[in-house]
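Subject: Handover of a structure, with notes

Dear colleague,

I am passing on to you the structure that we spoke about, and below it you will find my notes on what is in it. Please look through it with the notes beside you.

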Amino acid sequence: MTQQILQSSEITWDEDYRTRINPQLMTSLLRTSIPVLEQSDWTVTRVEDGCCETLLPLNKATTNQHGTHQAALVSLSADYTGGMALATLLRGVPLAGIHACHDDVSASLWLAGMNVRYKSPSTGHLTGICEIDLVQAEEIRKRYFRGSRVLATLQVRFYSNGELTAEAEMKYFAQPTIQLSPANSNPSRSTLFSHKLKASARMIAGIRARKSSHPKLKNHCPHANLVAGPHGELLADHLQEILPQLKDMVLTRSQHIDELLQQVPDLKQVVLAGAGLDMRSITHADTLPDVTFFEIDLPEMIAERERVTKLLPQDYRERRVLLSANFKVDDLAQILRQHPNFDTTLPTVIIFEGCSMYFSEAENQRIFRSFLELMDHPLSCVWADFVTQAVVTGRTNNLYIKNFLQGMDSLGESFVFGADDPTDWLKQLGFNFVETISAGEYLNEIDSVLSAYSFSVARR
Ligand SMILES: C[S@@+](CC[C@H](N)C(=O)[O-])C[C@H]1O[C@@H](n2cnc3c(N)ncnc32)[C@H](O)[C@@H]1O
């Protein structure tokens, strides 16, 4: 990984300016990601290596009752002016959440603290300037490209009508995003990583809280709204705007799973692998009274599940087993086989919903092989969803899909795996009976997005 970071630094400033960090591009990307910048007409006006200048206009959206800038918007401008100056030093490195990029190449920047001194009311357009001196710039570059976390204190000055209006001391962290991922045991990953993780699970819950007008889609999760919260609702709005089919895709997969759970005779165990904020173990607790649910996810997500399920009127805790695991390093089969309540000889459904696309092919192979070790009963099966390879590689000509994948990249949840023939892929891993249906086939719809997404049920 350090190698990859070093290679990025070999890009010239001119090329970097043209393709990654020029004022027009950054104004547009930042305004897309942070709508308040668009509403206030905030603009990046000048970018140099180690320097950024921005403009916060004095207009209706930015002013207070005195007709001067709202103090909080000056702080907002300071945040992005300093952040941009810092980003100029990370030559060739896209910014997570801003540029369309994957975690393994991007940098994550976040504000750790700020101290703004407002010197006089700003009564004109406000120019913000952050200049990083050469010595500090070199130190920052060295640390980042060595693969270490950077903590940088930067000064941002604001001028209106030629007068110094405010001074801000901004403290930022910058770090290769890959170091925040679960495969990395670095303890510093927790805050930002945990935020990103919750964001995507909340987004799916936010989608699941909605109802479809499609005549085939009847199911609805009564708890999804609560567990998604306003954050999930907001993200669901955002991604559904980008990919209008998203709601029906999520509701179709949910319904397909619910139908499977009703079909397995004498079902005794359900494993929610990568459980996220799926509330199936609670919504089905009454209809499946003999079933024990095993809910497995990263520790951060299990903690979030604990928090939100306590908010529900009944959490059926006695029938649910919550387990923390990192599928990238832990052996799922071993964890479950060692659990006193899990029995591989009982009819079991393992649900790997909305997950395969986030793991590499090798990681998926390992995960599915471990599922096989849990399926000693002939009726036991795995349910999993897959996107096609074209979706992942961006080869699809569908603009909706492309934009959706960029949206997922911004959430830090890039798609990395797709299977064109999931039945064949699963059979090669040792599953002998596999049925696959696309979301389009399930809904009887001819739609290129729905046909690039399918569900498989695999038995030994
Ligand atoms: C898009 S969410 C889907 C959640 C849920 N199955 C659903 O459909 O609502 C993907 C889930 O995979 C989990 N996940 C991501 N990386 C993981 C890892 N390395 N080990 C275990 N779980 C992981 C996330 O925490 C998240 O809950």
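In which helix is the place of Ser 281? Ser 281 lies in helix 10, residues 280–283, where helices are DSSP runs of H or I with at least four residues and strands are runs of E with at least two, both numbered from the N terminus. Before I go further, please note that this is a predicted model, in which local features need pLDDT of at least 70 and side-chain atom pairs count only at pLDDT 80 or more, while totals for chains, interfaces and linings use all residues. Residues are numbered from 1 along each chain as its sequence is written.

To stay with Ser 281, this residue counts as buried because it has 24 C-beta neighbours inside 10 Å; a residue is called buried if 20 or more other C-beta atoms lie within 10 Å of its own, exposed if 12 or fewer, and partly exposed in between, with C-beta atoms placed from the backbone. Once its neighbours within four places in sequence are left aside, Ser 281 is in contact with Leu 272, Phe 293, Glu 295, Tyr 316 and Arg 320, contact being taken as C-beta atoms, placed from the backbone, that lie within 7 Å. Val 291 is ten residues apart from Ser 281 along the chain, and the C-alpha atoms of the two are separated by 9.0 Å.

There is an open sheet of seven strands with mixed pairing, in the order 9-8-7-10-11-13-12, and two strands are said to pair if DSSP finds at least two bridges between them. Strand 9 (320–324) and strand 12 (433–438) are its edge strands, each of which pairs on one side only. Neighbouring strands of this sheet are turned by 15 degrees against each other on average, direction ignored; for such angles, axes are lines fitted to C-alpha atoms, for helices over the stretch in contact, and the angles run from 0 to 180 degrees between N-to-C directions.

Within this sheet, strand 7 (269–273) is mostly covered, as five of its five residues are buried. In a regular strand the side chains alternate between the two faces of the sheet. In strand 7 both faces are covered, with Gln 269, Val 271 and Ala 273 buried on one side and Val 270 and Leu 272 buried on the other. Strand 7 pairs in the parallel sense with strand 8 (residues 292–297) over five bridges, and Ala 273 has Ile 296 as its bridge partner in strand 8. Four bridges join strand 7 to strand 10, again in parallel, and here Leu 272 has Ile 351 of strand 10 as its bridge partner. Strand 12 and strand 13 (residues 453–459), by contrast, are antiparallel and share six bridges, with Ile 437 opposite Phe 455 in strand 13. Helix 9 (residues 246–263) lies across strands 7, 10, 11 and 13, and runs at about 20 degrees to strand 13.

A further open sheet has six strands in the order 1-2-4-5-6-3, with antiparallel pairing. Its edge strands are strand 1 (43–48) and strand 3 (107–118), each pairing on one side only. Strand 1 and strand 2 form a hairpin with two residues between them, and Gly 50 in the turn has a positive phi of about 90 degrees. Strand 5 (residues 150–160) and strand 6 (residues 163–176) run antiparallel and are joined by eleven bridges, with Phe 158 opposite Ala 166 in strand 6.

Most residues other than glycine have a negative phi, and most peptide bonds are trans. Asn 161, although not a glycine, has a positive phi of about 50 degrees; Asn 161 is found in the loop between strand 5 and strand 6, and is exposed, with 12 other C-beta atoms within 10 Å. Asp 41 is not a glycine either and has a positive phi of about 65 degrees; Asp 41 sits in the loop between helix 4 (35–39) and strand 1, and counts as partly exposed, with 16 C-beta neighbours inside 10 Å.

Lastly, helix 5 (residues 71–89) is largely enclosed by the rest of the structure, because 15 of its 19 residues are buried.

With kind regards

Definitions and conventions: Contact = placed C-beta atoms within 7 Å. Expected span 1.5 Å × (residues − 1).
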